[in-house]
Amino acid sequence: MSEVLLLTGGRGHPPDASAASLKEVFGDLDIGVDATDDVEAGLARLDPDRHVLLAVNALRFTMADPRYDDVRSDDAFSLSAAGRAAITAWHEAGRPILSIHTGVICFDDWPGWGDLLGARWDWNRSSHPPLATFEVRAGDDTFEVFDECYQGLDIDPTVDTVATSPDGHPLAWVHDHGAAKVAVDLLGHDARSLDHPRHRRLLSSLVQRLLEPRP
């Protein structure tokens, strides 16, 4: 069975529960999951003969903002040159990438990651309200989910938005960037969102688009 390499882990989120939910999402698409919270080790084994997709559902970043002064020494992360090269080589070989929820915050000292995703977390203005129930509009489908509603990101205007909040903030999109497609789903704080059947349908549709052959 083909597999997705799923990078997980990070402060303030339940990676084990989220990984379990994501395994079900990918399993429904007949894709196995190779999950790890060791980002560097995972990227070192990223293999096109084994993996069909790179998915990032981690929260690994530099923590340079003063709000993280108390935890920076324990949790700060900067992706190595080898890790950056692995992601770049994967993308340049035409292989797809999926970012889920906090994936957009990862690797914040590497501009190339934001280029791939078509979005960047801006520490001066990006934010989210407390966890709450809010409406998601995905094409003809509208549903309510209990989650974090990210907003204030720097998003490339060329992304193909597939879901928004009621006030128009993009929540999911596909970025046809260079050699391969990249998709971003800002939803998915925990299993309450990832187990929602209509969120699962949205996420599955993103994966299917990523795996479609490019013309």
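Let's start with a charge over a ring. The charged end of Arg60 sits over the ring of Phe77, 4.3 Å from its centre. There is another such contact: the charged end of Arg95 lies over the ring of Trp90, at 5.7 Å from the ring centre. Keep in mind that this is a predicted model.

Trp90 takes us to helix H4. H4 covers residues 81-92, twelve in number. From first C-alpha to last it reaches 16 Å, close to the 16 Å expected at 1.5 Å a residue.

Which residues of H4 are buried? Gly83, Ile87, Trp90 and His91. The general rule: an α-helix has 3.6 residues a turn, so residues three or four places apart point the same way. The face turned away from the buried side of H4 carries exposed residues: Ala81, Ala82 and Glu92.

What do the buried residues of H4 pack against? Helices H2 (39-44) and H5 (111-117), plus strands S3 (51-56), S4 (97-100), S10 (170-177) and S11 (180-185). After H4 comes Gly94, with a positive phi near 85 degrees.

Now the aromatics. A search of the whole structure gives eight aromatic pairs. Take Phe61 and Tyr68: ring centres 5.2 Å apart, planes at 75 degrees, so edge-to-face. Both residues are buried. Next, Trp121 and Trp123: centres 6.0 Å apart, planes at 65 degrees, so this pair is edge-to-face too. Trp121 has 13% relative accessibility and counts as buried. Trp123, at 21%, counts as partly exposed; the cut-off for buried is under 20%.

Conventions. Residues are numbered from 1 along each chain as its sequence is written. This is a predicted model: local features need pLDDT of at least 70, side-chain atom pairs count only at pLDDT 80 or more; totals for chains, interfaces and linings use all residues. Side-chain values use heavy atoms; hydrogens and water are left out. Rings of Phe, Tyr and Trp (its six-membered ring) pair if their centres lie within 6.5 Å; planes under 30 degrees apart count as stacked, over 60 as edge-to-face and the rest as tilted. Buried means under 20% relative accessible area, exposed over 50%, partly exposed in between (1.4 Å probe, protein chains only). A charge sits over a ring if NZ of Lys or CZ of Arg is within 6 Å of the ring centre and within 35 degrees of the ring normal. Helices (H or I, at least four residues) and strands (E, at least two) are DSSP runs, numbered from the N terminus. The expected span of a helix is 1.5 Å times one less than its number of residues. Contact means heavy atoms within 4.5 Å.
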